[in-house]
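Work through the exercises below with the coordinates open. Each task is followed by its solution.

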Amino acid sequence: MGMLCSVIRFENLHELKRLCHWGPIIALSVIAICSAMAMIDAVLWYWPLDTTGGSINFIMLINWTVMILYNYFNAMFIGPGYVPVGWKPVFEENSQDCIYLQYCKICQSYKAPRSHHCRKCNRCVMKMDHHCPWINNCCGFQNHASFTLFLLLAPLGCIHAAFIFVMTMYTQLYNRVSFGWSSVKIDMSAVRRDPRPIIPFGLSAFAASLFALGLALGTTIAVGMLFVIQMKVILRNKTSIESWIEEKAKDRIQYYQTRETFIFPYELGSKWNNFKQVFTWSGNPEGDGLEWPMREGCHQYSLTIEQLKQKADKRVRSVRYQATEDYSGACCPLTKGLRTFFTTPCSEEPRISLHKGDRVLATRGLKHWMYGEKIDSATDDGMRVRGWFPRKCVEKCLYDSEADQPLGGEKKTR
């Protein structure tokens, strides 16, 4: 009952406005089209009232739709969880925890460990991984499990639906195809000999089934790739933002030759322990989103201390790269490899085109993509050109005296 109530528990009614966005509109439209066409075609292919198999098939279709929508709306409306406005760590005797934390001027609070400020949500998000346009919300501490289950259930439901579409088109066309000596004819107006009540399957129904099949297969591939990415995040207990912080930490150590070893503090030693941080029998994630279990030998603020070091050092706060090949700015560039194509960032942020020799200042990144701004390039209104670009198109620049100079225009940090 608690889980049922959670899907309708909104912090405020204005959360409903999240539906008025291209991401949820497209996602819900795909779910509606695939589900409706699968149910119609299931009636045509395997009449559910006469056989046990037909009944099970139809019930499974309804079950997929309900579970997909349940987890989708959970991820959207429950949200990632936000750092309370005005939050600061609970002080113990002789504790100075605040010196290890960044202060967010917008939220008027300290940033808890693993939290980051989202410009879209305009709040500090607990254990923020990314802002997802498909749910028009962030993926973070509270909704990570629901979001990942949605990414798992959507491809499974689409695979079932695709099978039904194929079988329906095959069985419906089987009695309508006639072979001549030199021709093949398909009579789409022919009525099946089966006397059971069915929905007429004409040319429009065939076209609709074919369209739904394409949607189902495309969704299976695209959402399936996102599920794999999220499972890697969960099993490593390391968000995409934290992966970038770790990469810059290693870059800092290499540059200064400090001989220290950076140990990611939230990796608990086994994939199962990391998995249990997100998926629990109660349906709620472990902890409160403000304090986290640590790896042995690590400090509660190990990662935030590293962030402060990087913020103070302009060399590693952002990393310079130089383009080694052209990039057109396409959202899903097939010419840059299948991994780049399938792992394109799920973000509303733009892509930037690159030409060989262009210099880019990268501020964050994923395994196959990076986000940053072009150096010495600006639009007519003075705005810098920022966006995503494939990692394989650039290579890291060596630090030099020019790189040590500010890039003109102070970067605002929160």
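**Exercise 1.** Which residues in helix 2 meet which residues in helix 4?

The model is predicted: local features need pLDDT of at least 70, side-chain atom pairs count only at pLDDT 80 or more, and totals for chains, interfaces and linings use all residues. Residues are numbered from 1 along each chain as its sequence is written, and side-chain values use heavy atoms, with hydrogens and water left out.

Step 1. Helices are DSSP runs (H or I, at least four residues), numbered from the N terminus.

Step 2. Contact means heavy atoms within 4.5 Å. On the helix 2 side are Ile-31, Cys-34, Met-37, Ala-38, Asp-41, Ala-42, Leu-44 and Trp-45; they meet Phe-150, Ala-161, Phe-163, Ile-164, Phe-165, Met-167, Thr-168, Thr-171 and Gln-172 in helix 4.

**Exercise 2.** Describe how helix 2 and helix 4 cross.

Step 1. The axes (lines fitted to C-alpha atoms over the stretch in contact, with angles from 0 to 180 degrees between N-to-C directions) of helix 2 (residues 22–45) and helix 4 (residues 144–174) come within 9 Å and cross at roughly 40°.

Step 2. Helix 2 is therefore oblique to helix 4, a class left over once angles under 35 degrees (roughly parallel), over 145 (roughly antiparallel) and 65 to 115 (roughly perpendicular) are taken out.

**Exercise 3.** Is Asp-251 buried or exposed?

Step 1. Asp-251 lies in helix 6 (residues 240–256).

Step 2. Its relative accessibility is 7%, so Asp-251 counts as buried (under 20% relative accessible area; exposed is over 50%, partly exposed in between; 1.4 Å probe, protein chains only).

Definitions and conventions. Helices (H or I, at least four residues) and strands (E, at least two) are DSSP runs, numbered from the N terminus.
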